[in-house]
Amino acid sequence: MENSKIVIGYAIYLPIVIVLTIYISKMLFKNGKHFMIDIFRGKEDIALATNKLFEIGFYLINIGFALYIMKIYGYSSNYDMSNQTLMEILSKKIGGYTIYLGVMLFLNLYLFFRGRSKSRMTIKTKNFIV
Amino acid sequence: MNYNIITYYIYLPIISFIMVKIGWLFYKNGEVFLLNLFHNNAALVKSINNLLLIGYYLTNIGYAIITISYWENLTSAIEMINSLSKTIGKIILLLAIMHYNNIFWLRQLNNSKLLNH
């Protein structure tokens with residue numbers, strides 16, 4: 001097959017990235033349920049629905065970005081790529097994507113914390129007015 | 001198999017072992033501080049702790065993997081050992097700096113009233 005090393009690279013990259021994204025978002029929103037219930041003060045149906053919507057958004061953003069950066073540039077079809085080059089390219093892509101995913105996770109955590117402190121503040125002001 | 005590929009095969013297990021071990025230790029010992037910060041709300045603390053652990057793994061292992069793509073070209077065994085020790089040492093030093101940064105912030109948060117209302 002022509003430039004088969006690049007095809008092998010894609011075949012390694014795609015499963016790793018998709019499984020990683022699914023696993024991370026499952027873990028994130030399993031743990032995020034507590035925050036959501038806290039934010040919506042025990043109204044469980046709204047909390048779970050919001051959680052689900054956030055999860056779908058997380059999937060869309062991250063898998064979309066993973067596919068967007070997949071293409072391996074700069075290697076023509078008549079150039080035979082060595083194993084070392086393939087490993088280095090893959091490590092750059094997978095490592096970069098992993099760091100990006102970590103940053104997204106921390107961003108989500110920040111949003112959870114912010115929502116929690118906002119909802120607490122509204123409780124406080126309500127109590128104060130009453 | 002040239003020297004670079006051998007180096008990668010040595011480097012990846014070592015660094016992932018170190019990171020997983022350190023992350024696990026922090027996860028175990030940090031829970032007490034978080035419980036203190038969030039007034040013993042155990043369910044919330046457990047999920048916060050889990051999320052912090054996952055974030056730690058993602059960013060650090062991602063960084064460890066990405067260093068492979070910037071590795072210099074190696075031609076002998078001695079160069080291999082030199083570059084391995086240099087890279088692993090750099091990553092461990094970075095971990096140490098981040099660790100002290102974490103301790104500092106835990107102290108600040110414990111003293112301030114940011115989360116305690």
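Helices are DSSP runs of H or I of at least four residues, numbered from the N terminus. This is a predicted model, in which local features need pLDDT of at least 70 and side-chain atom pairs count only at pLDDT 80 or more, while totals for chains, interfaces and linings use all residues. Residues are numbered from 1 along each chain as its sequence is written, chains are lettered from A in the order in which they are written, and side-chain values use heavy atoms, with hydrogens and water left out.

**Exercise 1. Describe the surroundings of Ser91(A).**

Step 1. Ser91(A) belongs to helix H3 of chain A, residues 83-129.

Step 2. Its relative accessible area is 6%, so Ser91(A) counts as buried (under 20% relative accessible area, with a 1.4 Å probe and protein chains only).

Step 3. Contact means heavy atoms within 4.5 Å. Setting aside residues up to four places away in sequence, Ser91(A) touches Gly96(A) as well as Ile65(B), Ile66(B), Ile68(B) and Ser69(B).

Step 4. Within chain A, the side chain of Ser91(A) reaches the backbone oxygen of Glu88(A) at 2.9 Å.

**Exercise 2. Determine which residues of chain B are in contact with Gln84(A).**

Step 1. Gln84(A) also lies in helix H3 of chain A, and Gln84(A) is buried at a relative accessible area of 11%.

Step 2. Apart from neighbours within four places in sequence, the contacts of Gln84(A) are Asn2(B), Asn4(B), Ile5(B), Tyr8(B) and Asn73(B).

Step 3. The side chains of Gln84(A) and Asn2(B) are joined by a polar contact of 2.8 Å. Such a contact is a pair of N or O atoms within 3.5 Å; within protein, one must be able to donate a hydrogen and the other to accept it, and residues adjacent in sequence count only if both atoms are side-chain atoms.

**Exercise 3. Characterise the contact between chain B and chain A.**

Step 1. The contact takes 28 residues from chain A and 26 residues from chain B.

Step 2. About 2600 Å² is buried between the two chains, 76% of it on carbon and sulfur atoms. Buried area is the accessible area (1.4 Å probe) lost on putting two parts together, summed over both.

Step 3. Six residue pairs, both at pLDDT 80 or more, are in polar contact between chain B and chain A.

Step 4. On the side of chain B that touches chain A, helix H1 (3-37) and helix H2 (42-68) of chain B each supply at least two residues. H2(B) gives the most, with 17 residues.

Terms used:
Buried means under 20% relative accessible area, exposed over 50%, partly exposed in between (1.4 Å probe, protein chains only).
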